Each structure stands twice: as C-alpha cells, then as structure tokens.
Amino acid sequence: MIIDMSKKVLEGIAARYENVRKGVREMFGGKMIETEWDKRYRAGENEKAKQVAFKLRDMGMGDNDIARVVEVSANKIREWFEPVKV
C-alpha cells in the first residue's frame with residue numbers, strides 16, 4: 001500500500017522526465033525496496049532451513065538431497081556443515 005502510494009507520487013513528480021519516470025517504475029516495480037521486516041523474515045527462513053538441514057543430516061541424508069529439500073545450494077549446505085564435523 002505504502003509502496004503503491006509512493007510510486008504514484010514519484011511518478012507524478014517525475015512526469016516531465018521520462019528517464020526519471022522509467023527509473024522510478026523499475027525501482028518500485030522490482031525488489032529494490034526491502035523493509036526491515038523483509039530482512040528479518042528472510043533471516044528466519046534461512047535459520048529454519050539450516051535447522052532442518054542439520055536434522056536431515058542426522059537422519060543420514062546426503063548434502064545434495066538436503067539442498068534440494070531445503071531449497072538452498074549444495075555449497076551452502078557444505079558451508080553450514082563445515083564447522084560441525086560428525
């Protein structure tokens with residue numbers, strides 16, 4: 001809602017300048033605006049994926065399979081597991 005309102009205001013202000021208007025559309029139409037809530041939510045999702053990855057490893061699942069289940073790269077899985085040797 002706030003983003004939509006901001007987009008309309010900025011497009012109105014930049015109405016005479018096509019390159020500015022285009023930039024505003026790109027900025028507000030994409031993922032350039034990231035709120036603190038978005039950052040914390042993503043961090044929480046990442047932490048949960050990491051917890052699940054460790055549980056799956058304890059159950060005997062391999063790194064590549066774990067990566068597919070928690071939807072992160074196999075390299076990220078290895079990075080998480082590196083400091084923790086079993």
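User: Which residues of helix 4 are buried?

Analyst: This is a predicted model. Helix 4 covers residues 63-70. A residue counts as buried when its relative accessible area is under 20%. In helix 4 the buried residues are I66, A67 and V70.

User: Which helices do the buried residues of helix 4 pack against?

Analyst: The residues in question are I66, A67 and V70. I66 and V70 are among the residues of helix 4 that touch helix 3. I66, A67 and V70 are among those that meet helix 5. The buried residues of helix 4 pack against helix 3 and helix 5.

User: At what angle do helix 3 and helix 4 pack?

Analyst: Helix 3 spans residues 36-58, and it passes helix 4 in a right-handed crossing. On the helix 3 side the contact is made by A49, V52, A53, L56 and R57, and on the helix 4 side by I66, V69 and V70. By class, these are seven nonpolar, no polar and one charged residues. The axes are 10 Å apart, and the packing angle is about 145°.

User: Are helix 4 and helix 5 roughly parallel or roughly perpendicular to each other?

Analyst: Their axes come within 8 Å and cross at roughly 110°. Angles of 65 to 115 degrees count as roughly perpendicular. Helix 4 and helix 5 are therefore roughly perpendicular.

User: How many residues in the contact of helix 4 with helix 5 are nonpolar?

Analyst: From helix 4, the contact involves D63, N64, I66, A67 and V70; from helix 5, A74, I77, R78 and F81. Of these residues, one is polar and two are charged, and the number of nonpolar ones is six.

User: What arc do the buried residues of helix 5 cover?

Analyst: Helix 5 covers residues 74-81, and its buried residues are A74, I77, W80 and F81. They are on the same side of helix 5, because the arc they cover around the axis is only 115°.

User: Where is E71, and what is its phi?

Analyst: E71 sits in the loop between helix 4 and helix 5, just after helix 4. It is exposed, with a relative accessible area of 70%. Most residues other than glycine have a negative phi. E71 is not glycine, yet its phi is positive, near 60°.

Terms used. Residues numbered from 1 in each chain as written. Predicted model: local features only at pLDDT ≥ 70, side-chain atom pairs only at ≥ 80, totals over all residues. Heavy atoms only, no water. Axes fitted to C-alpha atoms, helices over the stretch in contact; angles between N-to-C directions. Helix = DSSP H or I, 4+ residues; strand = E, 2+ residues; numbered from the N terminus. Left-handed = near helix turned anticlockwise from the far one by under 90°. Contact = heavy atoms within 4.5 Å. Nonpolar A, V, L, I, M, F, W, Y, C, P; charged D, E, K, R; others polar. Buried < 20%, exposed > 50% of the residue type's maximum accessible area, 1.4 Å probe, protein only. Arc of directions from axis to C-beta. Parallel < 35°, antiparallel > 145°, perpendicular 65-115°, else oblique.
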